[in-house]
Amino acid sequence: MGNKQVEWRSLVWDLFTNPFRTAQGIIEYFLAWFFTRRWKSLIGFSPVLVLLSTLAGFAIYGWSVDHRKLAGKYARWNDEELDARKQLTKTKSVNAEKSRLMEVEDVSPYGELLLQRILQLENSDSRSRYLVALQMGSRGRRGQARQMMRQLAPKQSEGLAPAHAWLAIDRIVQGPITNDASKLDLLHDLEIAVKWSGAGTPLKMILAELLEKEGRIGDAIKTLQHAAESDPVAWIPLIAVSLRNGRKQPAEDASAKAQRIFNDRIKQHSASAMDYINLARIYLLESRADEAILQVNSAMKLYPDDPNLKLVLSECYRIQFLGSCRETPDGITCDIALLDEALKADPTNPAVGEEVAKLLARGGDASEALSKSLESQLAEGKATTLTHLMLATFTLKQGKLEAAIPHLEVALRNAPDAPVVLNNLAVALVRVSPSNAERARRLIDRAIQIRGPNAEMFDSQGEIRMSAGDYVGAVESFESAIGQDGSRIDSRKRLVEAYEKAGLTDMIPVQQAKIRELEAAAAPALPTR
């Protein structure tokens, strides 16, 4: 202890009495220390030391930062990322059509990482959880997305409106609702969803439809009135709902406002094809088909190739045709020329196809009134596409296939995209001769492409494939036919034949059992004593 005190005193004394020698001694000491260290070994470990120091620094910094402030920083970065993506999307597709029920924010992988980090922190907000759930749903993880959305949007109370909207749309796309509980949940979600500014008009229209079915007509009308404030298209379903339920005043008010909007656009030469269509739809709802036709014809001059205009024009003539039907002693008579106009306006209109099918079925035995009408048209040289189609149907039912084909060829020339003409001509050709199978195949494939899935046409396709020896293809067609309509006994019998020819004999007993079951159900009940 005493020696150490002497050394310190000597050092302090030397520092004041001979500072140069003291400094020289200190320098010599550090030089000796430096040159005696194993620096090469230490340099080899330096990257590890630097990494550990850096990580320790990050850990200490993260520990010291307030979690709420950190979550706020991540949220700002995510907002910047969303804004950048929106701007990029806007630049790439300024005129892109918005066909979804509602617009949702897409999240990039970087944005998703930010959102997940926010969720890991305390007090993560509802918006962040909604966006994460939204991204999960878009990537196929819908079960997890539903759970997160339901937490944000409870069944019995009001939660985050966008989450209610997502759940409502998710339920709608799943298909028909079979129980009251699901219906009430959907109604609850929709009523809250429409309060959100991002809920589009289609979502509000769905809510109004459900409310009308529940008998809540006033609420349905209010919902559509609210939708029409930002989207004039909503005036049309508002008029329809009001007229269906005897609410004259809301219908008249909505009609006046909608007509004023669309007519102003027409006068200012800023109307789109859809504006003309919407105006025509209002006239149709008010049984003013003539005015609707005038509007559509005016629009056709500006937009001659618009398929929606063709469809509406076809509907106008179809409605006029229905209004022309009258009961007579010889049966029902209708102005067939109007249905022909509907067919020519849009041969792909399924509603017109249904009317043609009904008319053909009703006139299959050639009632006197209908026969005279057709004879008159032929004699005066005014035979229409429908005239030839009906004459072909009569001759087909009489087994005169070769006589039917010329009428069908004329009908096809006048209406090349009419599914019923394509179907009937294909069947007639293949029944006349199997050598016509290739052309028949092209015709029936075209008919199905235009009409969409249809039991009758799948049945025709199966018959054509059988004639061509494509038995496996015929199995596919007949199975598709009974998939559309399981009550078709003839289709099942043809399917049994196709199974046999295709070598699928193990499937025959199942169909035969089903045929017996259907035939027993269709058989008239025996009288009881």
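Predicted model: local features only at pLDDT ≥ 70, side-chain atom pairs only at ≥ 80, totals over all residues.
How many helices and strands are there in the protein chain? I counted 28 helices and two strands, taking helices (H or I, at least four residues) and strands (E, at least two) as DSSP runs numbered from the N terminus.

Residues are numbered from 1 along each chain as its sequence is written, and side-chain values use heavy atoms, with hydrogens and water left out.

Whole chain next. Of its 529 residues, 39% count as buried (under 20% relative accessible area, 1.4 Å probe, protein chains only). I also looked up contacts (heavy atoms within 4.5 Å): among those between residues at least 6 apart in sequence, 51% join residues at least 24 apart.

Then I went to isoleucine 405, which sits in helix H22 (residues 401-414). Isoleucine 405 is buried, at 14% relative accessible area. Setting aside neighbours within four places in sequence, I find isoleucine 405 touching Leu425, Ala428, Leu429 and Val432. I checked valine 427 too: it is 22 residues from isoleucine 405 in sequence and 9.8 Å away in space, C-alpha to C-alpha.

Last, a helix pair. H25 (residues 455-467) and H27 (residues 489-502) pack at about 30 degrees with axes 11 Å apart; axes are lines fitted to C-alpha atoms over the stretch in contact, and angles run from 0 to 180 degrees between N-to-C directions. H25 and H27 are therefore roughly parallel (angles under 35 degrees). Asp459, Glu463 and Met466 of H25 meet Ser491, Arg494, Glu497, Ala498 and Lys501 of H27.

Note on methods. Parallel < 35°, antiparallel > 145°, perpendicular 65-115°, else oblique. Buried < 20%, exposed > 50% of the residue type's maximum accessible area, 1.4 Å probe, protein only.
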